[in-house]
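Dear colleague,

Please find below the structure that I am handing over to you. The findings follow directly after it.

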Amino acid sequence: MKNGPEKGRSLMEQSALTAVIKDQSRRAFWEVKNVIDCIPDGLWEREYCCAPLWKHVYHMLHSLDLWMINPRDKEFSEPEFHEKDLNDLDAVSRKTLSRKELEAYFFGIERKLARYLEELTDRQLPDCPEGCEYTRFTLILAQFRHLHSHMGMIMGFLIADTGKWPRVLGLEGAFPDGEYDKFF
């Protein structure tokens with residue numbers, strides 16, 4: 001068993017819980033964007049479990065947007081294109097979201113959550129946000145669980161239909177610089 005990083009690799013900052021959360025969030029956001037990029041246009045509207053693939057992506061992103069900071073925030077505003085139950089995988093929607101709309105939504109969420117995490121301190125993690133019954137740590141951990149449950153489903157749909165496995169970073173993988181293969 002190794003006690004330190006492999007030669008040539010450095011460990012992420014681990015002295016603060018928020019440093020780990022920031023690092024893992026950055027990795028998760030990269031993986032989400034890569035999975036979205038891996039969805040072929042021909043599968044964008046294909047139904048899986050009675051919902052089009054784009055709706056699985058929207059459900060995952062909407063939950064991240066609403067729940068990671070404070071699901072009881074009276075100031076929370078839905079994205080412009082949102083309509084009742086659009087994020088509900090059990091509700092039939094007449095509206096279709098484009099890749100461009102979902103990518104713009106993703107980038108907005110990524111910026112919003114990066115700002116939130118940049119200001120978050122370890123001392124705030126056990127506290128509940130205003131009007132919320134859950135601690136900040138609970139909300140963050142719950143969203144990591146939810147996010148990666150849906151990422152796994154979406155990746156499974158893609159693997160089954162394309163035979164290709166979308167690239168992930170893992171705990172130590174380097175972020176690709178420039179052009180890269182979206183799949184393993």
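At what angle do H2 and H4 pack, and how far apart are their axes? The model is a predicted one, and in it the two helices pack at an angle of about 170°, their axes being 10 Å apart. H2 is therefore roughly antiparallel to H4, since angles over 145 degrees are classed in that way. On the H2 side, the residues that meet H4 are Leu53, His56, Val57, His59, Met60, Ser63, Leu64 and Trp67. Their counterparts in H4 are Leu139, Gln143, His146, Leu147, His150, Met151, Ile154, Phe157 and Leu158. By class, the residues of this contact divide into 11 nonpolar and 6 polar, with no charged residue.

Helix H2 (residues 53–67) also packs against helix H3 (residues 99–119): their axes come within 10 Å and cross at roughly 20°. H2 and H3 are therefore roughly parallel to each other, and their crossing is left-handed. H2 contributes Trp54, Val57, Tyr58, Leu61, His62, Leu64 and Asp65 to the contact, while H3 contributes Leu102, Tyr105, Phe106, Ile109, Lys112 and Leu113. In this contact of H2 with H3 there are 10 nonpolar residues, 1 polar residue and 2 charged ones. Val57 and Leu64 are listed in the contact of H2 with H3 and also in the contact of H2 with H4.

Salt bridges

How many salt bridges does a search of the whole structure find? The search finds 8. In general terms, side chains of opposite charge can pair when their charged atoms come close. Three of these pairs are described below.

The side chains of Asp65 and Lys112 form a salt bridge, with an N to O distance of 2.5 Å. This pair links distant parts of the chain, as Asp65 lies in helix H2 and Lys112 in helix H3, 47 residues apart. Both residues are also listed in the contact between H2 and H3. Asp65 counts as buried because its relative accessibility is 7%, whereas Lys112, with a relative accessible area of 24%, is partly exposed.

Lys33 and Glu103 are joined through their side chains by a salt bridge of 3.6 Å, N to O. Lys33 belongs to helix H1 (residues 17–38) and Glu103 to helix H3, so the pair ties together parts that are 70 residues apart in sequence. Lys33 and Glu103 are both buried.

Because Asp161 lies in helix H4 (residues 136–162) and Arg46 in the loop between H1 and strand E1 (47–48), the pair ties together parts that are 115 residues apart in sequence. Asp161 is partly exposed, at 32% relative accessibility, and so is Arg46, with a relative accessible area of 41%.

Individual residues

Where does Lys182 lie, and which residues does it touch? Lys182 is in the segment after H4 and, at 30% relative accessibility, counts as partly exposed. Leaving aside residues up to four places away in sequence, Lys182 touches Asn34, Asp37, Cys38, Trp165, Pro166 and Arg167.

Asp23, in helix H1, counts as buried at 17% relative accessibility. Asp23 and His59 are 36 residues apart in sequence and 23 Å apart in space, C-alpha to C-alpha.

Two backbone angles may also be of use to you. Most residues other than glycine have a negative phi. Cys50, although not a glycine, has a positive phi of about 70°. Cys50 is placed in the loop between E1 and strand E2 (51–52) and is exposed, with a relative accessible area of 69%. Asp85 likewise has a positive phi, near 65°. Asp85 is found in the loop between H2 and H3 and is partly exposed, its relative accessible area being 32%.

With kind regards

Conventions:
Residues numbered from 1 in each chain as written. Predicted model: local features only at pLDDT ≥ 70, side-chain atom pairs only at ≥ 80, totals over all residues. Heavy atoms only, no water. Axes fitted to C-alpha atoms, helices over the stretch in contact; angles between N-to-C directions. Helix = DSSP H or I, 4+ residues; strand = E, 2+ residues; numbered from the N terminus. Parallel < 35°, antiparallel > 145°, perpendicular 65-115°, else oblique. Left-handed = near helix turned anticlockwise from the far one by under 90°. Contact = heavy atoms within 4.5 Å. Nonpolar A, V, L, I, M, F, W, Y, C, P; charged D, E, K, R; others polar. Salt bridge = Lys/Arg side-chain N within 4 Å of Asp/Glu carboxyl O. Buried < 20%, exposed > 50% of the residue type's maximum accessible area, 1.4 Å probe, protein only.
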